[in-house]
Amino acid sequence: MGDPPTDDALVIQESLERPEIFARLYDRHAAEIHRYVMRRLGDSHADDITAQTFLIAFRNRSRYDVARASARPWLYGIAGNLIGSHRRAEVRALRALARTGVDPVAESWSERADERVTAEASQQALAGAIAALPGKDRHVLLLVAWADFTYQECADALGVPVGTVRSRLNRARRKMRTALGADPTLVSDHNGAVTHG
């Protein structure tokens, strides 16, 4: 039978002849897609959106650009489109988190009560600021923050130029700093040093 394909493009290409091979793509990426969707829409939609993402990918696999070894941006793009149709629920959940401080997805990271109170207050402000962002800016910010996407992966997932990703992310960061009471001209480099931009 031979060795299994090592990159996503080969899996997709081979799945055109042997559809069961596509399950390898699911095995590689489903948990990550599920976590991302759960963070964006909550647990109630994560299973369905993840399943729909892979169903759409399977149905459209013949149109996949096999020059791209990794299907990760493609899959996130599909998931992002599905999330877009649930955007109102996402905004409602973020606004509820901003009001209540209760995140139905993430458990509190601290066992000490004073740290929990501080974390919840920060979480409320953060969720409110994220909910207030325009949808396109929010989508880029969350792909970078929650899915650890590079600018190029965001561009690939959203079907936009890298410059557009940079602009949206810059605008989102500036709005987040303003909403959270930080100086919007502050910029941090990769080493964590903060300067005025």
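These are my notes on what I looked up in a predicted model of a protein chain.

**Overall layout**

I began with the secondary structure and found nine helices and two strands in the protein chain.

**Core**

I asked which residues touch the most other members of the largest nonpolar core. They are V37, Y76 and L143, in a core of 45 residues. Both domain 1 (1-101) and domain 2 (117-185) give residues to this core, so I place the core between them.

**Helix α2**

Where does helix α2 bend? I find the bend at H29, by about 50°, in a helix that covers residues 23-41. I listed the buried residues of α2 as L25, H29, A30, I33, H34, Y36, V37, R40 and L41. The spacing in this list made me recall a general point. An α-helix has 3.6 residues a turn, so residues three or four places apart point the same way. Just after α2, I noted that G42 takes a positive phi of about 95°.

**Aromatic pairs**

My search of the whole structure gave five aromatic pairs. In one of them, the rings of Y26 and F54 have centres 5.0 Å apart and planes at 70°, so I put the pair down as edge-to-face. Y26 belongs to helix α2 and F54 to helix α3 (residues 43-59), so this pair ties together parts that are 28 residues apart in sequence. Are the two residues buried or exposed? Y26 is partly exposed, because its relative accessible area is 42%, whereas F54 counts as buried because its relative accessibility is 6%, and the cut-off is under 20%.

I next took the pair of Y36 and Y76, which is also listed as edge-to-face, at 5.2 Å centre to centre with 65° between the planes. Y36 lies in helix α2 and Y76 in helix α4 (residues 72-85), so far as the chain goes 40 residues apart. I checked burial, and both Y36 and Y76 are buried. Together with F149, Y36 and Y76 form one aromatic cluster.

**Charges over rings**

I found the charged end of R39 over the ring of W146, 4.3 Å from the ring centre. I also found R61 over the face of F58, at 3.9 Å from the ring centre.

I located H139 in helix α7. H139 counts as buried because its relative accessibility is 6%. Leaving aside neighbours within four places in sequence, I find H139 in contact with Y36, R40, G80, R87 and L158.

D148 lies in the loop between α7 (135-147) and α8 (151-158). I noted its phi as near 55°, a positive value in a residue other than glycine. Most residues other than glycine have a negative phi. D148 is exposed, because its relative accessible area is 58% and the cut-off for exposed is over 50%.

Key
Residues are numbered from 1 along each chain as its sequence is written. This is a predicted model: local features need pLDDT of at least 70, side-chain atom pairs count only at pLDDT 80 or more; totals for chains, interfaces and linings use all residues. Side-chain values use heavy atoms; hydrogens and water are left out. A nonpolar core is a set of buried Ala, Val, Leu, Ile, Met, Phe, Trp, Tyr and Cys residues joined through side-chain atoms within 4.5 Å. Buried means under 20% relative accessible area, exposed over 50%, partly exposed in between (1.4 Å probe, protein chains only). Domain bounds come from an automatic or database domain assignment. The bend at a residue is the angle between axes fitted to the seven residues ending there and the seven starting there. Helices (H or I, at least four residues) and strands (E, at least two) are DSSP runs, numbered from the N terminus. Rings of Phe, Tyr and Trp (its six-membered ring) pair if their centres lie within 6.5 Å; planes under 30 degrees apart count as stacked, over 60 as edge-to-face and the rest as tilted. A charge sits over a ring if NZ of Lys or CZ of Arg is within 6 Å of the ring centre and within 35 degrees of the ring normal. Contact means heavy atoms within 4.5 Å.
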